[in-house]
Amino acid sequence: MTTTYTYEPTNLQRDQHGIVNQVQFTITASNGTDSVTVNSITGLPAPKGTAIDYDKLSKADVIAWIKKLVGTQSEALADSELAAHIENKQIVLSNGTPWGN
């Protein structure tokens with residue numbers, strides 16, 4: 001199955017000039033049947049050239065930053081969490097005693 005990833009910025013930390021220097025986000029990995037959501041955080045390097053004004057930032061801008069900086073690592077972590085979730089689903093638990101009634 002193909003895994004899809006959904007990024008959701010949840011908080012932006014900015015300095016006194018409005019320059020965003022840290023992003024908190026979630027990444028959700030879904031294979032169409034199962035999904036997991038992982039919380040994460042990443043620092044941002046100082047912008048090269050002119051920065052986008054804080055009040056003009058779009059969600060798409062921030063998601064692009066996340067993907068560029070840590071997308072591969074975040075997706076790998078989400079993949080391992082999804083695999084663990086699927087594996088744990090396959091564990092069958094039973095109740096009772098070995099001596100019967």
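Predicted model: local features only at pLDDT ≥ 70, side-chain atom pairs only at ≥ 80, totals over all residues.
The loop between strand S2 (20-30) and strand S3 (35-43) contains Asn31. Thr33 belongs to the loop between S2 and S3 as well. Asn31 has a relative accessible area of 12% and is buried, because the limit for a buried residue is under 20%. Thr33, by contrast, has a relative accessibility of 58% and counts as exposed, since a value over 50% is needed for that class. At 2.8 Å it reaches the backbone nitrogen of Thr33, and at 2.7 Å the side chain of Asn31 reaches the backbone nitrogen of Asp34. Apart from residues up to four places away in sequence, Asn31 touches Met1, Thr2, Thr3, Leu82 and Ile86. Thr33 and Gln22 are 11 residues apart along the chain, and 32 Å separates their C-alpha atoms.

The structure holds 1 salt bridge. In this salt bridge the side chain of Lys59 meets that of Glu8, with a distance of 3.0 Å from N to O. Lys59 lies in helix H1 (residues 59-89) and Glu8 lies in strand S1 (residues 4-14), so the pair ties together parts that are 51 residues apart in sequence. Both partners fall in the intermediate class of accessibility, between the limits of 20% and 50%. Lys59 is partly exposed, with a relative accessible area of 47%, and Glu8 is partly exposed, with a value of 31%.

The largest nonpolar core has 16 residues, and among these Tyr7, Val23, Phe25 and Ile66 touch the most other members. At least two residues of this core come from each of S2, S3 and H1. The element that gives the most to this core is H1, with 6 residues. Leaving out residues up to four places away in sequence, Val23 touches Pro9, Asn11, Leu12, Ser40, Ile41, Thr42, Leu44, Val62 and Ile66. One of these, Ile66, is also among the core members with the most contacts to other members.

Ile41, another residue touched by Val23, lies in strand S3. Its relative accessible area is 46%, and Ile41 is therefore partly exposed. When neighbours within four places in sequence are left aside, Ile41 is in contact with Gln22, Val23, Gln24 and Phe25. The C-alpha atoms of Ile41 and Thr26 are separated by 8.4 Å, and these two residues are 15 residues apart along the chain.

Two further residues of helix H1 were examined. Ser74 has its place in helix H1 and counts as buried, at 7% relative accessibility. Residues up to four places away in sequence not being counted, Ser74 touches Tyr7, Phe25 and Ile27. Tyr7 and Phe25 are also named among the core residues that touch the most other members. Ala84 is likewise placed in helix H1, and Ala84 is partly exposed, with a relative accessible area of 33%. A distance of 18 Å separates the C-alpha atoms of Ala84 and Ser40, which are 44 residues apart along the chain.

The segment after H1 includes Gly96. Gly96 counts as exposed, at 71% relative accessibility. From C-alpha to C-alpha, Gly96 and Lys68 are 52 Å apart in space, while in sequence they are 28 residues apart.

Notes:
Residues numbered from 1 in each chain as written. Heavy atoms only, no water. Helix = DSSP H or I, 4+ residues; strand = E, 2+ residues; numbered from the N terminus. Buried < 20%, exposed > 50% of the residue type's maximum accessible area, 1.4 Å probe, protein only. Polar contact = N/O pair within 3.5 Å; in protein donor to acceptor, adjacent residues only side chain to side chain. Contact = heavy atoms within 4.5 Å. Salt bridge = Lys/Arg side-chain N within 4 Å of Asp/Glu carboxyl O. Core = buried A, V, L, I, M, F, W, Y, C linked by side-chain atoms within 4.5 Å.
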